[in-house]
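Here are my notes for someone opening this model for the first time. Have the structure on screen and go through the points in turn.

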Amino acid sequence: MKTAFRRTAKSILLAITASALAAGAAPAATVKNIILVHGAWVDGSGWKPVYEILVRDGYNVSIVQEPLTSMPEDVAATKRVIDMQPGPCILVAHSYGGSIITAAGTDPRVVGLVYVAAHELDAGETEVSNGKLYPSATSKTKAIEKTPDGYTFLNPDDFPADFAADLPRAQAEFEAHSQIPTAAKVFATTVVDPAWKTKPSWAIVATADKIINPDLERMYAARAHSHTIEVKGASHSVYESRPREVSALIEEAAENAQP
């Protein structure tokens, strides 16, 4: 009887061990909450093509409408949306939005960062200072204008070629005339604790970007050890013109980030 008991106990122990090993080897669950953050001069509606793909693929997608009045206020708007998530989330940003998620991404609910033709600032850096090291095509022109009260915008005549060269002309012109003026001070604001130093990141380099020098995007991605893809011929509006590539990288982040 003792022998039978030992055999039963051993079988149970083996079953428990096998179950534990299997659980340890199981792939991490896909993160289902995605937050999209827009950049300067535009609003969250530009994310619609990416939003539609992600929702179709079963993700819970939220879009931040930051005010573009100061980086602290833009970060606060992003954190407000992070607080609304039912679980761990991936932060995705375009352009200046990269600076926002670099600051907001330290939140423990954020498990991964995706930079789409975006800034990935280190502590003490600003977009202005990095732009001087890697000048963009647009920065060498007079396309960026400033209001008397300190807000910037892109000259509507220059917007289609500089910001959205690979979008339909009518769409680019509409965006040119529906810009959100952005406080100039946001481009000269530093980040204290960059989230990409402790969170996994993914990045897209738009090779025909005229707003951010593609070499600056490459430097950011290499420094942060971001999982990086380059989208050939894509303008700064890569998130609108190439939504399949952008969505695929976001889904890769969601499948591989560890909650």
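1. A definition before anything else: a residue is called buried when its relative accessible area is under 20%, exposed when that area is over 50%, and partly exposed in between. Take H225 as a worked case: its relative accessibility is 67%, so H225 counts as exposed. Keep in mind throughout that this is a predicted model.

2. Now the overall picture. The protein chain has 10 helices and nine strands. Of its 259 residues, 49% are buried. Contacts reach well along the sequence too: among those between residues at least 6 apart, 72% join residues at least 24 apart.

3. Back to H225 for a moment. H225 sits in the loop between α8 and β9, and its phi is positive, about 55°, although H225 is not a glycine. S95 also has a positive phi of about 55° without being a glycine. Is S95 buried or exposed? At 7% relative accessibility, S95 counts as buried, and its place is in strand β3, residues 89-95.

4. Six of its six residues are buried, so β8 is largely enclosed by the rest of the structure. In a regular strand the side chains alternate between the two faces of the sheet. Here S201, A203 and V205 point one way from β8, while W202, I204 and A206 point the other way. Both sets are buried.

5. Which strands does β8 pair with? One is β4 (residues 110-118), which runs parallel to β8 and is joined to it by four bridges. In that pairing, L113 stands opposite S201 of β8. The other is β9 (residues 227-231), again parallel, with five bridges to β8. There W202 has H227 of β9 as its bridge partner. To get from β8 to β9 the chain passes through helix α8 (residues 214-223), and this β-α-β crossover is right-handed.

6. There is also an open sheet of three strands, in the order β5-β6-β7, with antiparallel pairing. Its edge strands are β5 (144-146) and β7 (182-183), each of which pairs on one side only. Strand β6 (residues 151-154) is joined to β7 by two bridges, in the antiparallel sense. T152 stands opposite T182 in β7.

7. T30 is in the loop between α1 (2-25) and β1 (33-37), and at 31% relative accessibility T30 counts as partly exposed. Leaving out residues up to four places away in sequence, T30 touches Y59, A254 and E255. T30 and Q258 are 228 residues apart in sequence, yet their C-alpha atoms are 8.5 Å apart in space. Y59 turns up again with K32, which lies over the face of the Y59 ring at 4.6 Å from the ring centre.

8. On to V81, in helix α3 (residues 71-83). Its relative accessible area is 12%, so V81 is buried. Beyond its neighbours within four places in sequence, V81 is in contact with I35, S62 and V64. The C-alpha atoms of V81 and Q65 are separated by 9.6 Å, the two residues being 16 apart along the chain.

9. The loop in question runs between α5 (127-133) and β5. Not counting residues up to four places away in sequence, S136 touches K210, I211, I212 and N213.

10. Last, the aromatic rings. Pairs are counted when ring centres lie within 6.5 Å, and by this rule there are four aromatic pairs. W41, Y96 and F187 form one aromatic cluster.

Conventions. Residues numbered from 1 in each chain as written. Predicted model: local features only at pLDDT ≥ 70, side-chain atom pairs only at ≥ 80, totals over all residues. Heavy atoms only, no water. Phe/Tyr/Trp six-rings, centres within 6.5 Å; stacked < 30°, edge-to-face > 60°. Lys NZ or Arg CZ within 6 Å of the ring centre and 35° of its normal. Buried < 20%, exposed > 50% of the residue type's maximum accessible area, 1.4 Å probe, protein only. Pairing = 2+ DSSP bridges. Right-handed = clockwise from strand over helix to strand, strands pointing away. Contact = heavy atoms within 4.5 Å.
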